[in-house]
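Please read the following report alongside the sequence and the model. It takes up a pocket lining, a nonpolar core, a helix and several single residues in turn.

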Amino acid sequence: MQQRIAHVALVVSDYDEAIAFYTRKLHFTLVDDTYQPAQNKRWVVVAPPGNKGGATLLLARASNREQAQFVGNQSGGRVFLFLETDDFWRDYDEMCAAGIKFVRPPSEQPYGIVAVWEDLYGNRWDLVQYRDASRPAASA
């Protein structure tokens, strides 16, 4: 059996502002943006630069009050997503220049270098560059 996680749904307030944030500030690629008339929603998928078969983000607009209450807090305030990079300082400097809010400064850890940042809604992410020997098996 062979399986993988293809997409992670990220609940957003607005498709276009989320697309702008991810593509302009983070240089993600807009993979798909297709209107689905039967459900009156869009299928919006973005991927980080250099993504080679890894999981992508499905930007899912909140369609009711229940969903809207989780925009920006899908993981109860914990780090929700992990953006792995091959050059931490390049990406950290670019993200700072783009106005990305870091809530925990860069730190050296046994597994690599990491800093915590927030997306436009407040979801927390790690920006991480793993040391080769410490890379999780799934990303090695």
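## The second largest pocket

The residues lining the second largest pocket divide into 6 nonpolar, 4 polar and 3 charged, where Ala, Val, Leu, Ile, Met, Phe, Trp, Tyr, Cys and Pro count as nonpolar, Asp, Glu, Lys and Arg as charged, and the others, Gly among them, as polar. The model is a predicted one, in which local features need pLDDT of at least 70 and side-chain atom pairs count only at pLDDT 80 or more, while totals for chains, interfaces and linings use all residues. Residues are numbered from 1 along each chain as its sequence is written, and side-chain values use heavy atoms, with hydrogens and water left out.

The space in the second largest pocket comes to about 180 Å³, and of the 13 residues that line this pocket, Y15, K41, A60, R61 and Q67 are the closest to its centre. A pocket here is an open set of points, on a 1 Å grid over the protein atoms alone, where a 1.4 Å probe fits, with protein on both sides within 12 Å along at least five of seven lines, and its lining residues have an atom within 4 Å of a point; grid points are joined across faces, edges and corners, and the volume is the space filled by probe spheres set on the points. Strands β3 (41-47) and β4 (56-61) each supply at least two residues of the lining; helices (H or I, at least four residues) and strands (E, at least two) are DSSP runs, numbered from the N terminus.

## The largest nonpolar core

In the largest nonpolar core, which has 29 residues, Y22, L57, L59 and W117 touch the most other members. Such a core is a set of buried Ala, Val, Leu, Ile, Met, Phe, Trp, Tyr and Cys residues joined through side-chain atoms within 4.5 Å, with buried meaning under 20% relative accessible area, exposed over 50%, and partly exposed in between (1.4 Å probe, protein chains only). At least two residues of this core come from each of β1 (7-12), α1 (15-25), β3, β4, β5 (79-84), α3 (88-97), β7 (112-118) and β8 (124-130), and the largest share, 5 residues, comes from α1. In soluble globular proteins, nonpolar side chains tend to be buried together.

W117 is placed in strand β7 and counts as buried because its relative accessibility is 0%. The C-alpha atoms of W117 and F102 are separated by 4.0 Å, although the two residues are 15 apart along the chain.

## Helix α1 and its ends

The buried residues of α1 are Y15, A18, I19, A20, F21 and Y22, and what covers them includes β1, β2 (29-36), β3, β4, β7 and β8. At the start of the helix, a side-chain oxygen of D14 reaches to within 3.0 Å of the backbone nitrogen of D16.

Just after α1, H27 takes a positive phi of about 65 degrees, a value found here in a residue other than glycine. H27 lies in the loop between α1 and β2 and is partly exposed, because its relative accessible area is 45%. Another positive phi in a residue other than glycine, near 50 degrees, belongs to N40, whose place is in the loop between β2 and β3.

Leaving aside neighbours within four places in sequence, R42 is in contact (heavy atoms within 4.5 Å) with Y15, D16, I19, D33, T34, Y35 and Q36.

T56 is found in strand β4 and counts as buried because its relative accessibility is 12%. The side chains of T56 and H7 are joined by a polar contact of 2.6 Å, and, not counting residues up to four places away in sequence, T56 touches A6, H7, V8, V45, V46, A47 and N51.

## Two further positions

A97, in helix α3, counts as exposed because its relative accessibility is 70%. The C-alpha atoms of A97 and K25, 72 residues apart along the chain, are separated by 9.1 Å.

G77 is found in the loop between α2 (65-68) and β5 and counts as partly exposed, because its relative accessibility is 44%. The C-alpha atoms of G77 and R24, which are 53 residues apart along the chain, are separated by 25 Å.

Technical notes
Polar contact = N/O pair within 3.5 Å; in protein donor to acceptor, adjacent residues only side chain to side chain.
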